[in-house]
Amino acid sequence: MDRDDGFEPRVGRIGRNGRAVSLGREFRNQVIKTRNLARGGKAVGSKPSSFTGARLGRGSGAGTVLASRSGTAGVRGRRVMVKARIVKLAGKGKGAAVAHMRYVQRDGVTRSGERGELYDGLSDVADGKAFLERSDGDRHQFRFIVSPEDGLQYDDLKSVTRRLMDQMETDLGTKLDWVAVDHFNTGHPHTHILIRGRDDQDKDLVIARSYITDGVRERASDIVSFDLGPRTELEVEQSLQHEMRAGRFTSLDQWILDRRQDDGRVSVIDASPERQSLITGRLKRLESFDLAAPDGQGYWQVSKDLEPALRQLGRRGDIINSLRYDLSPDGQGQLLENVRIHDGGALGTNNHGTSSLTQPITGRLVRRGLYDEIEDRHYLIIDATDGQAHVVDIGKGENTPDLTPNSVLRLAPKTVELRSVDHTIADVAAATGGRYSVELHLNHDRNAQQTFAETHVRRLEAIRRYGSGIERDRYNGEFIVGHNYRETALAYERQKAAQTPIRVEVLSPEPLKVLERKGAYTWLDKELTSPDKMPLSDKGFGAQVTQALRNRYNWMIEEGLFQSNDDGTFSYDRNLEKQLTAREKVTEGQRLSQELGKPMGHIHKYENFEGKLTGSVTLSNGDKFAVVERARDFALVPWRPVLERHIGKAVGGISRGDDVSWSFGRDRGLSR
C-alpha cells in the first residue's frame, strides 16, 4: 500500500465463513422482523421452536414429579377428576367472571336443593363480592373443578378443598386468594374453586402447565386416598361394572380408544379374562348408542366420535338430573315428557338424545344454567309454544346478557356465511398469487379507497390470530392467504358460531300474564296484527299464549284500539305502536317521578341539556331511554351503549329528535 488513498474501508463484521456482512442489510432485516413480530406475525419459513413453556411458572418441579407417578398407583387408588381453565379478565372477562360466580352460587346445587354458598380457607361463608373487588385489575383468574369419584362418601367437600389449597400453596411457594363452592346437583359431587391470578407479592401468578394438568389431580387423589383408604377389590369391581353400563365417558372407553387401530377397529382379546369381559360388555353398551358395532371377524368398529359423543351424553344426564322440578308445569316435581336437548350442533340428531337447533323456537324462559361449567357454556330451558320443553346450549355466557325468568324469548340458530369483505380478499388474492395487502388491493381495484382496504386488513388479522394458518410475510407484511381463502374464512365463522351458536331475542322481559292488559305495545300485539300467525300447540305454553291472545284482543276492544268488523275480523289504527308506546312512556315517567320526587320534563329538538345519568328504562317494544336527572326535573332521552359506563356521572348533550350527541365529564366533548 504505497498511497494514502489505496485503502478502502468496508463497514461490517466478519461472518463465520470469513465474509464481511453488510450492517445496513442486517439492520434492515432486523427492523422488518421486529415490525412483523410486533404486529403478531410469525416469520415465514422460520423453524418451529422446541421450547414449549411447560416448565415455566410456579410448581414446575412438583408438577413434573407428580406427573411422572400419574397412573402408577393402579386401580386401587382413589380417583379424582380435575378440570382447569385460565380465564383472562380483560375486556368482557370481568363481566363474565361476575356471571360465573353468580351461576356457581345458583339455587339447587346443595344436597337439599338450596343455593350454593361460597367458602374460603377461614370461613364457611365467604364474601364473593369482596373477592371480585380484590380481583379488579388482575390479568387472569384460575378456575378448577375438583370431583372425587367417591365424593358421595363425604358430607361436604370443604375439608378436602382446604387441605388441597394448603398443599397447593406449599407446592407453589405462595399464599393463594381463593373461594370455593360445593355442588351436589349431579351424580358426581364436585367443587368449583376460583383463584386470583396474583401471588402474595401482588405479582401475576403463573402456574406451571405440568402442575395444572397433573399436579392438582395427584394432590387431590392423595387427600381422598388418605381419608378413605385404598379402594377394596369389591369397590374396584363395582366401579368397573358401573362404568360398563354408564352413559358417559369412562376409563373403559379410554382403554378402547388406546387399542383402536387406524381403521377404527378394536380387538377385545386381553390377557385378563375379567378385563376382556368388561370391555366386551362395554362395547355392547356402546352399540346401543350407535357408537360401536361388531364386524363379524372378532373385531369391533368404533366410532371416531366416541369420546365427544359420550361426554355430551354425560352432560345431558347431568342436566336432566340437575333440573329435577324446573320443567314441571304444576310445580309438583314431574318432568315434562317431551324434553329436547340441543347441543349446539356438535353431534347432530342421533340416539344420544341430543340434536342441533335448526328452527327458531319461541317460549317462556324457565331457567338459565351452566351447560359446561369449566368452559362457561350456558343453557336455557324454554317452555315453548310447540308444547315441548327445550334445553338449548347458547354458548359462552359472556355473549348473552342477563335474562329474567318467565320472560318470553325467541331462539334461532346463527347462520354461518361469508362476509362481503371475504369475497373481496379472495378476489385480490386470486389475482396476486394468494397474497393480500392494502397496496395490492389498491393496485387491483383503482376505485378502492385506503380506509376501505384497511377494513380488510382488520378482518385478516382477526382470522390470523384465531390460528387459521394465515401468515404474514416477514419482509413486507403481506398476508399469505392462499387460494382457498373462502374455505379458511368459512371455517373461522364456524368456530365463532360454535362459541355462540344461538341468537337470543327478548320478545318480552315480563311474564305473559302481565302483557294481557298492559298499556304498551307488546309482543302479543305484534302477533295479533301479524299476517303470518305463529303455530301454537294446545298444550303447555302454546295453550297459554292462545288464551293470552284472546284476553289481549278483548282488552284492545275495550280500550277502543281495535274495532271489530261484521265479518269476524278487526281493524286498527296504523299508528297503533306509536300510540301504545306513548302511553307506556307516560306510565314509566309517573313511576320514576314517584321514585325521584321530581316531575318529568321534556327536551326539545336542538336543545342543550345537562344532568346526572341515574339509569335507564326499556319499554316493551325494545326502545331504551336514559334517565337524566336535572335540578328540578328529569327527562327520558334516547339511549346509546356508550352510556353504560357513565351511569351515576354528569352528562350533557344536544337533542336531535330521535338521537342525541352526548358529552361526558368536566371537559366534555361531543360523542355520538
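**Ring cluster.** I looked for a cluster of rings in this predicted model. Ring pairs join Tyr553, Phe562, Phe570 and Tyr572 into one. I then searched the whole structure for aromatic pairs and got 7.

**Phe562 and Tyr572.** I took this pair next. The ring centres of Phe562 and Tyr572 lie 5.8 Å apart. Their planes meet at 45°, so I logged the pair as tilted.

I checked where the two residues sit. Phe562 belongs to strand 20, residues 562–564. Tyr572 belongs to strand 21, residues 570–572.

**Phe570 and Tyr572.** The centres of the Phe570 and Tyr572 rings are 6.2 Å apart. With the planes at 40°, this pair is tilted.

**Accessibility.** Phe562 has a relative accessible area of 2%, so I noted Phe562 as buried. The cut-off for buried is under 20%. Phe570 comes out at 23% relative accessibility and counts as partly exposed. Tyr572, at 37%, also counts as partly exposed.

**Charges over rings.** I turned to charged ends next. Which ring does the charged end of Arg265 sit over? I found the ring of Tyr299, with the charged end 4.2 Å from the ring centre. I noted Lys624 too: its charged end sits over the ring of Trp639, 4.4 Å from the centre.

Notes:
Residues are numbered from 1 along each chain as its sequence is written. This is a predicted model: local features need pLDDT of at least 70, side-chain atom pairs count only at pLDDT 80 or more; totals for chains, interfaces and linings use all residues. Side-chain values use heavy atoms; hydrogens and water are left out. Rings of Phe, Tyr and Trp (its six-membered ring) pair if their centres lie within 6.5 Å; planes under 30 degrees apart count as stacked, over 60 as edge-to-face and the rest as tilted. Helices (H or I, at least four residues) and strands (E, at least two) are DSSP runs, numbered from the N terminus. Buried means under 20% relative accessible area, exposed over 50%, partly exposed in between (1.4 Å probe, protein chains only). A charge sits over a ring if NZ of Lys or CZ of Arg is within 6 Å of the ring centre and within 35 degrees of the ring normal.
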